[in-house]
Amino acid sequence: MWRRLRRLWRAFFPARANPDDAWALSELRLEEAHLYRAMDPRDREHAVWVARRLLERYPEAPGFAVRAALLHDCGKALRPYHPLERVLTSLLRLDVPIEPLRKGLLGAWQIRQHHPEYGAARILDPQVAQIVREHHRPESLWARRLYEVDEEF
């Protein structure tokens with residue numbers, strides 16, 4: 001409960017996010033860096049927390065799993081995702097089609113629901129893309145581990 005309230009509070013103050021971009025970019029491949037940089041600072045901060053926790057819990061994590069942790073929410077960067085939209089789409093579930101990507105609130109629900117697929121489609125490394133695609137419905141080992149860690153934040 002407290003984690004969700006903290007995330008809610010942070011949703012309204014993107015300037016307070018302080019992602020360790022230098023560390024994240026040192027872990028990512030050159031072709032992945034633009035996906036990370038396009039993310040909202042709050043999502044980048046969250047991604048760094050998740051990736052570091054993954055490494056704390058699983059020091060043997062392969063590079064592709066760490067990169068997937070850093071990029072797992074990159075699909076949210078396809079359109080602006082405003083604080084009120086973040087709150088509303090997390091409180092109310094709405095089943096929306098993946099395409100075409102809409103504007104307004106319908107588009108916000110699409111981003112919320114389909115960001116794993118949107119992100120995976122933009123990632124070149126198939127191992128990283130698979131984990132990003134599965135991070136809310138894990139099937140593979142590293143997607144399950146990413147899911148566990150992501151749920152802590």
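Colleagues, the structure is a predicted model, in which local features need pLDDT of at least 70 and side-chain atom pairs count only at pLDDT 80 or more, while totals for chains, interfaces and linings use all residues. Residues are numbered from 1 along each chain as its sequence is written, and side-chain values use heavy atoms, with hydrogens and water left out.

I begin with the core. The largest nonpolar core holds 32 residues, and Leu 70, Leu 71, Ile 123, Ile 131 and Trp 142 touch the most other members. By nonpolar core I mean a set of buried Ala, Val, Leu, Ile, Met, Phe, Trp, Tyr and Cys residues joined through side-chain atoms within 4.5 Å. At least two residues of this core come from each of helix 2 (21-27), helix 3, helix 4 (41-57), helix 5 (63-71), helix 8 and helix 9. Helix 5 gives the most, namely seven residues. Helices here are DSSP runs (H or I, at least four residues), numbered from the N terminus. Beyond residues up to four places away in sequence, Ile 123 touches Leu 35, Leu 71, Cys 74, Val 128, Ala 129 and Val 132, where contact means heavy atoms within 4.5 Å.

I turn to His 135. This residue sits in the loop between helix 8 (126-134) and helix 9 (141-152). Is His 135 buried or exposed? His 135 counts as buried because its relative accessibility is 0%; the classes are buried under 20% relative accessible area, exposed over 50% and partly exposed in between, with a 1.4 Å probe and protein chains only. Its side chain makes a polar contact of 3.4 Å with that of Asp 73. A polar contact is a pair of N or O atoms within 3.5 Å; within protein, one must be able to donate a hydrogen and the other to accept it, and residues adjacent in sequence count only if both atoms are side-chain atoms. A polar side-chain atom of His 135 also lies 2.7 Å from the backbone oxygen of Val 132.

With 45% relative accessibility, His 34 counts as partly exposed. Its side chain reaches the backbone oxygen of Glu 31 at 3.0 Å. His 34 and Cys 74 are 40 residues apart in sequence, and their C-alpha atoms are 9.9 Å apart.

Finally, I consider the exterior. Trp 9 lies in helix 1 (residues 2-11) and, at 52% relative accessibility, counts as exposed.
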